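Here is a short briefing on one protein chain. Keep the sequence and the 3D view side by side as you read.

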Amino acid sequence: MSSLFPTYARWNIEPVKGEGTSLVDQSGKEYLDFTSGIGVLNLGHCHPAVTEAVKAQLEALWHTSNLFTLQIQEEAASLLTGLSGLDRVFFCNSGAEANEAAIKLARKATGRSKVVTCLQSFHGRTFATMAATGQEKVRTGYGTMLESFSYVEFNNLEALERACGEDTAAIMVEMIQGEGGIRPIQEGYIEKIKEICQKTGALLIVDEVQTGIGRTGKAFAFQHFNLQPDIVTSAKGLGNGLPVGAMLGSEVLSAHFGPGSHGSTFGGNPVCLASAKAVLKEISRNGFLEEVNEKGKLLLQGLKDGLGNAEVVKEIRGKGLMIGIELKEEAAPYLEVLQDKGLLVLTAGPNVLRLLPPLTVTRDEIQSAANMISGLFAKKTQAV
Ligand SMILES: *Cc1c(COP(=O)(O)O)cnc(C)c1O
């Protein structure tokens, strides 16, 4: 019997070593890892520059507390503000904590408590972020939810307009719903959000926990649009496997997050930030994001070419290296078949296969993955 709470439905694979896109299990079988630890290992397993930075920090200083001034926090924060165009950073340990900080700050800064989020969104598992999450299954069984959250249909302009008013503290959205099925936000909806925020004084929180840190071919996915969020949250890819979250906000908000207003014992931990700093430097490298875009297009095209006529495929969509294949049937049974072939992918919702390869994935690896996936579905078409 396991000594762990059975909170996760686990795969029958026990990884022991990773390098780049490659993951090796205890039997020695090698996989192409297109899960990246659920969008975390944006630079792949054991990236040398990140490993070096963490090793050096491990030998210098592990932890001090936020009573001290830490240069590495300033450096990582300044890389984040430079990449995002926002002004201030609060460091924490996870995506849920970053969103939690965002919700607290928005409520404090506006003096209002209503937060509007979207159906099928995912914002985390703490009490506030669970309440913010527009999925019934995440909230079931936990009793009364934190009040003042409401949900609107994603990309429905009228619904958003109806839900927001003078009492709205914030609208919180993902640019591509990740857990909700790799569903991209529409340009017209973005325009509406901007308009409503201007009209009502609500703040715009963009949850970039999954879409950020280069995943979609920009440092942050909101940068694909003409959009200036008040708050952006980041985590997953930020530490490339070490737990780091960050909430980024505009300068006017900093007066509302003064000493004593919020905090975290481990937030801004030097070892984790050594990793984040190395990651941010790497994705800032000249040409890095352009290459993510090119590789994303290659993967999308490879899949479209290979799956074009497959009967079970409804749609292939995504941006950069965040790609979903929506099927007309359940996606889960295909995971194991692909695992046997040596490819690890995820699902997102019941019908979508989700591909989140490391941004460092090679063109050859993209081709093999596209071939493996195409081979799987092509069989079904040939039978016709
Ligand atoms: C994963 C995720 C979260 C939660 O992050 P944790 O680190 O698991 O708390 C929040 N928002 C989005 C969009 C996510 O994908």
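Gly-111 is exposed, because its relative accessible area is 67% and the cut-off for exposed is over 50%. Gly-111 belongs to the loop that runs between helix H4 (95-110) and strand E5 (114-118). The model shown here is predicted.

**A pair across the sequence**
- Start again from Gly-111 and look for Asp-167, which is 56 residues away along the chain.
- The C-alpha atoms of Gly-111 and Asp-167 are separated by 8.9 Å.
- Now take Leu-238 and Ile-182, which are also 56 residues apart along the chain.
- The C-alpha atoms of Leu-238 and Ile-182 are separated by 20 Å.

- Leu-238 sits in the loop between strand E11 (231-234) and strand E12 (245-249).
- Is Leu-238 buried or exposed? Leu-238 counts as buried, because its relative accessibility is 0% and buried means under 20%.
- Neighbours within four places in sequence are set aside for its contacts, which include Leu-80, Ile-213, Val-244, Gly-245 and Ala-246.
- Ser-275, Ala-276, Val-279 and Leu-280 are also among the residues in contact with Leu-238.

- Ile-182 is not a glycine, yet it has a positive phi of about 50°.
- Ile-182 lies in the loop between strand E8 (176-177) and strand E9 (183-184).
- Ile-182 is buried, with a relative accessible area of 0%.
- Ser-36 is not a glycine either, and its phi is positive at about 50°.
- Ser-36 is part of helix H1, which covers residues 36-39.
- Ser-36 counts as buried, because its relative accessibility is 1%.

**A sheet of 4 strands**
- Strands E1, E2, E3 and E15 form an open sheet in the order E1-E2-E3-E15, with mixed pairing.
- Strand E1 (15-19) and strand E15 (343-344) stand at the edges.
- Each of these two has a single partner strand, so one side of each has no neighbour in the sheet.
- Strands of a sheet pair through backbone hydrogen bonds, and the pairing is either parallel or antiparallel.
- E1 pairs with strand E2 (residues 22-25) in the antiparallel sense, over 4 bridges.
- Which residue stands opposite Pro-15 in E2? The residue opposite Pro-15 is Asp-25.
- E2 pairs with strand E3 (residues 30-33) in the antiparallel sense too, over 3 bridges.
- Ser-22 has Leu-32 in E3 as its bridge partner.

**The two hairpins**
- E1 and E2 form a hairpin that has 2 residues between the strands.
- Gly-20 lies in that turn and has a positive phi of about 60°.
- E2 and E3 form a hairpin with 4 residues between the strands.
- In the hairpin of E2 and E3, Gly-28 takes a positive phi near 95°.

**Gln-339 in helix H11**
- Gln-339 is found in helix H11, which covers residues 332-341.
- Gln-339 is buried, because its relative accessible area is 8% and the limit is under 20%.
- With neighbours within four places in sequence left aside, Gln-339 is in contact with Trp-11, Ile-13, Lys-29, Tyr-31 and Leu-344.
- Of these contacts, Tyr-31 falls in strand E3 (residues 30-33).
- Leu-344, another contact of Gln-339, falls in strand E15 (343-344).

**The whole chain**
- The chain contains 12 helices and 17 strands.
- How many of the 384 residues are buried, as a percentage? Buried residues make up 53%.
- A compact globule of 384 residues would have a radius of gyration near 21 Å, and the chain agrees because its own value is 21 Å.
- Along the principal axes, the C-alpha atoms fill a box of roughly 60 × 55 × 50 Å.
- The chain has 36 positive and 42 negative side chains.
- The centres of the positive set and the negative set lie 2 Å apart.

Definitions and conventions:
Residues are numbered from 1 along each chain as its sequence is written. This is a predicted model: local features need pLDDT of at least 70, side-chain atom pairs count only at pLDDT 80 or more; totals for chains, interfaces and linings use all residues. Side-chain values use heavy atoms; hydrogens and water are left out. The radius of gyration is taken over C-alpha atoms; the globule rule is 2.2 Å times the number of residues to the power 0.38. Buried means under 20% relative accessible area, exposed over 50%, partly exposed in between (1.4 Å probe, protein chains only). Lys and Arg count as positive and Asp and Glu as negative; His and the chain ends are not counted. The place of a charge is taken as NZ of Lys, CZ of Arg, CG of Asp or CD of Glu. Two strands pair if DSSP finds at least two bridges between them. Contact means heavy atoms within 4.5 Å.
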